Every structure is written in C-alpha cells, then in structure tokens.
Amino acid sequence: MNKPYVRSLSKTGWFLTQPRYKRYMAREVTCLFIFAYTFLLIWGLKRLAEGPDAFQGFLNALHSPLGVLFNLAVLIAAVYHSTSWFNVTPQAMPIMRGEEFVPGNIIVGAHYAVWAVVSLIVLILGV
Amino acid sequence: MSERQIQLEVLRYNPETDSEPRYQSYSVPCLNEWVVLDALNYVKDNLDPTLSYRWSCHMAVCGSCGMMINGEPKLACKAFIHEYTDQIRVDPLANFPIERDLVTSVEDFITKLASVKPYLIPKSDQPVSAGEFKQTPAELKKFKQYTLCINCMLCYAACPQYGLVPEFLGPAAISMAHRYNQDSRDGGRDERQEVIASDEGVWECSFVGACSEVCPKHVDPAGALQQVKVASTIDWYKEHLMPWMKK
Ligand code: SF4
Ligand code: FES
C-alpha cells in the first residue's frame, strides 16, 4: 500500500531548528546592517550637498552615543558577514595550478590580505 | 568488548494502519564498536521483525542507509555508537515522504538525477577503433571528488531550500551535472545547462552549505553549486554583453 507520509518544514521557523541554519541566517541578516549603512552614507552626501552647517550637523550626529553605537553594530555585522563569505571562497572559486588545486587557506588568506591592504589605504587617506 | 544498553527511539509509520508516525523505543545491548545500523539489525533480528529500513553494504558505499540520527543526516552504517549517549533518536531522512518506518520515497531524487543527464556525452562520435578518450591527471583531478557521490541523499535531507521548495533540483543532482561538465571528454554542458541553470536549478540555492557539512563522501556539493552559478553568470554576460564571444 502506498500512502507516503509527508513531513513539512515550518515556513517561518525552519532556521531555528539547527545551529547551522542559524549561522546561515546570521550571515544573511548581517547584510541588512551593511544595507542600512549605505543609506547613512547617502544621507551624509545629501547633507554635504546642503552646505557646511548641514554636514557639521551630520558629523555631530555620528559622534553622538547613538551614532557610535550604530557604527559599532555595523562594524561587527560587516566583519561577520565578510569573513563568513571569505571563508567559503575556496569552495566557489577553486583554482588549479598545474596538477594541483591551490590550498583553500591560500585563497582565503589572499582575501584577508587584500582586505587589510585596502583598509590600510583607507585609514591613511582618512587621517 | 564493552557493552552498553542503548535506548533506540525509532520513528515508526505503517501506511496500512497509521494516520501519522509515532516513536517506538527499543532497549538494545550495543557493543562499543557497533554502528547505529547494527543496533537496528539487532532490533530486527531479536526484538521486532516488523521494523523497516534500507541498507546493503554496511561500509558507506551503497548509499542506502541514510537516516536522521539525533536530527542529523547520517549513514547508519557510519554512525558509531560510541559517539552517542545512551539515548539515540532515529528518524527517516528529512525532506522525503515516509513510505514505511525509516524507508522514504526516493522517486523525486531519482527523477531529478536523471534529468541532468549524469553520464558522459562525448563531444563527437568516435568509433571504438579510434581508441580511448585520453585524460591527463590534472583533467581527472578537476572532477574526481564529484565522482565519489554515492547518491545517499543526506545532502537533500540537510538542505532547507529543498525542504521549503520541493521543486529544487538539489545538491547531488547539480553536483553530478557539474561533474560531467568538468570532464574534458564531455560535450553535453549545453544540454545540462537548460536544466541546472534555471530557477528550480542552481538559482534556488542560497548557499546554506549544510549539504557539504553532512556529505559522508566529502563531495562538497555546495562548492559545485557555487561554481555552476559562477559559470552560468559568465555565460549570461557573454551572451548579453559580448555576443561575439559566444562559441
Ligand atoms: S553529494 Fe554527498 S550527501 Fe549528497 S548524495 Fe552524494 S554522497 Fe550523499
Ligand atoms: S549500508 Fe551501504 S551506505 Fe550504509
């Protein structure tokens, strides 16, 4: 007799059922912080276009406790988001040299290295 | 040889009499070097001959003993008792309909696997007298890991996308397509792309990565799927932005 029993995944709560799903969700949700930060940057541009006073107001807001807190939260989220992607790059972009695959940690390491260099350049330009 | 009394909680479902599955508990004297499959065989031989489950090789090559062990997709013949506490819960492979007890229906997977043409489609017909298709070690290495797939479907049981969208072609089928696409002797990529580079194909994947974490053969299906995405994206750019690049 054929009467298969179908178990279905909860459409809304599935990602709470396993730690690895939670990790995945964390990676996905942290991109919202980066999304929010781009709006902050656009807002800053708008204030800049409105003149020095407006821009100073924007900068002051950034230095307020709330502004600092927001930046800190975005920084943590962005670091988590970026590193979780860096760590899976060897799976998506395996590179072959001759007869061997380049070891994954070299590909991951290259991402961190480029990140460090770009951050350094931005820091130097910013100071 | 040390022995341990294990409480085996097994999900039972009899389509003839049950409207839904229920757990049944068995007390099994397990030797420490046993795997969960041995415990199930003990139940079948000594406690309850009605228990249904699939197995064949008992050495992680046939791919038929996939089940959820404490909620994790595992090969029952590779899940060592000594890695578990005295209470072990066994469920049929998640995301598949239960046929009876631990037996699930595999039709959906088989149909999907067949749809990606998981076999060599030579670039050109060649008479046998022309000899074999030669391949260098590097060319072999490019796809060797994907040949290790044993069609155990653990990756489908781990994949929430497959659970939510049953139309999704899924990890193993797409990895198999990728395996042949990567083969220097093969010329069937265009035919397979129609199936795998679709919404229900690789674009349904959001790279949760669970498939690769549970794969008992280290096939890394998640990696294969991302590589298919990259290659399909390059195809799209070639077709739409650089039509002259199209072969
Ligand atoms: S890819 Fe791995 S988990 Fe999926 S069917 Fe093949 S061997 Fe099993
Ligand atoms: S019995 Fe063959 S894989 Fe487990």
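Buried area is the accessible area (1.4 Å probe) that two parts lose on being put together, summed over both. This is a predicted model, where local features need pLDDT of at least 70, side-chain atom pairs count only at pLDDT 80 or more, and totals for chains, interfaces and linings use all residues. Residues are numbered from 1 along each chain as its sequence is written, chains are lettered from A and ligands numbered from 1 in the order in which they are written, and side-chain values use heavy atoms, with hydrogens and water left out.

**View 1. Chain A against chain B.** Look for A:Tyr5, A:Arg7 and A:Arg20: they supply 27% of what chain A buries against chain B, more than any other three residues. Counting contacts (heavy atoms within 4.5 Å), 27 residues of chain A touch 42 residues of chain B.

View 2. A salt bridge here is a side-chain nitrogen of Lys or Arg within 4 Å of a carboxyl oxygen of Asp or Glu. The interface of chain A and chain B has 4 of these salt bridges. One of them pairs the side chains of A:Arg20 and B:Glu213, at 2.7 Å from N to O.

**View 3. The face that chain A shows to chain B.** Helices (H or I, at least four residues) and strands (E, at least two) are DSSP runs, numbered from the N terminus. Helix H1 (19-49), helix H4 (89-92) and strand E2 (100-101) of chain A each give two or more residues to the side touching chain B. H1(A) gives the most, with 5 residues.

**View 4. B:Gln226 in its helix.** You'll find B:Gln226 in helix H9 (residues 221-240) of chain B. B:Gln226 counts as buried because its relative accessibility is 6%; buried means under 20% relative accessible area, with a 1.4 Å probe and protein chains only. Setting aside neighbours within four places in sequence, B:Gln226 is in contact with A:Ala92, B:Cys205 and B:Phe207.

**View 5. The shell around ligand 1.** Chain B residues surround ligand 1, including B:Cys149, B:Cys152, B:Cys155 and B:Cys215. B:Asn151, B:Ala172 and B:Pro216 are also among them. By class, the shell has 11 nonpolar residues, 1 polar and no charged; Ala, Val, Leu, Ile, Met, Phe, Trp, Tyr, Cys and Pro count as nonpolar, Asp, Glu, Lys and Arg as charged, and the others, Gly among them, as polar.

Definitions and conventions: A residue is near a molecule or strand if one of its heavy atoms lies within 4 Å of it. Buried means under 20% relative accessible area, exposed over 50%, partly exposed in between (1.4 Å probe, protein chains only).
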